[in-house]
Amino acid sequence: MNGLIDHALAPLAAAVHAGRIPGGVLGIVDRGGRRAIRSVGSAQLRPTERPMTDQTWFDLASLTKVLFTTPRILALAADGRIDLDAPLTTVIPDFRQYNPDNWERKVTFRQCLGHQTPFPAVFPIYTYGRDPDLLRAFVLQHEWQAGPAVYSDINFILLGLALERLEGRSIRQLEPGPGFAWSADPDHAAATEDDTWRHRVLVGEVHDDNCSALMGAGHAGLFGTADAILTFAAERLGDSGPDALIRTPLSARRTHGWERPYEGWSGGEACSAATIGHTGFTGTGVWIDFERGRAWTLLTNRIHPTRHFDSGIVALRRATGNLVSAEQEV
């Protein structure tokens with residue numbers, strides 16, 4: 001395992017050396033639980049500089065969708081508390097309540113998990129205020145413009161609202177899962193962006209502006225380390241319970257919550273067809289290859305101090321995945 005990770009670390013080390021990314025952590029685990037973690041570069045450059053470590057905490061961004069929201073929705077379905085093919089209104093009856101015949105009221109849990117809805121790809125909810133209750137009401141009563149089915153945070157914001165209704169607590173009051181949290185100690189966290197909305201470099205607090213304004217949401221907000229992600233992935237490598245649906249295709253590119261291999265996808269072309277993965281805007285990612293019994297996570301702070309820079313993250317993820325997916329350890 002040590003030889004494999006040292007070999008697979010080369011693209012990340014090169015990106016850091018070239019100044020495209022401040023730093024990052026790579027972790028690999030196999031079905032037997034053997035794991036290795038390596039870190040390189042800086043966790044923060046501004047206003048002060050700190051080194052990256054194997055234990056650095058990251059804002060996992062959209063990995064929240066697959067590490068937190070998806071498992072809980074699937075567990076609720078397995079327990080019979082929700083029907084994945086029923087509309088969200090079975091749990092959120094007031095969703096678009098003033099127009100009972102509109103398309104939003106017909107959207108199902110499974111469609112949200114697979115991003116098979118007409119919601120827009122991006123929507124700046126945070127520009128409508130900072131009151132989380134008001135913004136929740138806005139999400140539920142806004143007349144959403146229907147478009148083609150695309151990857152949309154709105155799908156998982158709605159799933160998060162359903163979780164809150166079912167549990168009677170806000171997202172941030174829910175247990176984030178072993179090894180995860182809703183914030184992190186700034187002294188041990190990777191910095192993200194110098195945020196123009198909050199007027200500071202964000203460290204240990206959620207980067208996603210919609211999640212920040214909502215004070216917790218189903219699409220972003222989770223923090224964790226490479227070690228915590230590897231533990232999660234190793235459990236799924238041997239899992240045949242409710243989470244088995246994460247391997248069940250819903251489209252050419254997606255399963256329940258996760259992505260599956262397609263031409264140009266983030267996991268590279270060397271992984272098996274029985275691989276799932278997901279990425280996060282802050283520069284994070286996790287991939288699980290069930291056929292090879294191997295999983296890996298690549299965590300970077302590629303948007304520090306700004307997102308408006310070509311970090312090369314797409315090529316970096318693919319190159320790393322191709323090296324990790326080598327048939328034999330080196």
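Select aspartate 195: it stands opposite arginine 200 in β7. This is a predicted model, where local features need pLDDT of at least 70, side-chain atom pairs count only at pLDDT 80 or more, and totals for chains, interfaces and linings use all residues. Residues are numbered from 1 along each chain as its sequence is written, and side-chain values use heavy atoms, with hydrogens and water left out.

Three bridges join them, and they run antiparallel. Strands here are DSSP runs of E, at least two residues; helices are runs of H or I, at least four, and both are numbered from the N terminus. Two strands pair if DSSP finds at least two bridges between them. β6 and β7 form a hairpin with four residues between them. Click histidine 199 in the turn: its phi is positive, about 60°.

Next, the open sheet. Its three strands follow the order β4-β8-β5, with antiparallel pairing. β4 (58–59) and β5 (180–181) stand at the edges with a single partner strand each, so one side of each has no neighbour in the sheet. Two bridges join β4 to strand β8 (residues 223–224). Pick phenylalanine 58; its bridge partner in β8 is glycine 224.

Last stop: helix α5 (residues 132–141) and helix α6 (residues 153–167). Their axes, lines fitted to C-alpha atoms over the stretch in contact, come within 11 Å and cross at roughly 115°. Angles run from 0 to 180 degrees between N-to-C directions. Which residues of α5 make the contact? Select Arg136, Val139 and Leu140. On α6, show Ile157, Leu158, Leu161, Glu164 and Arg165. Contact means heavy atoms within 4.5 Å.
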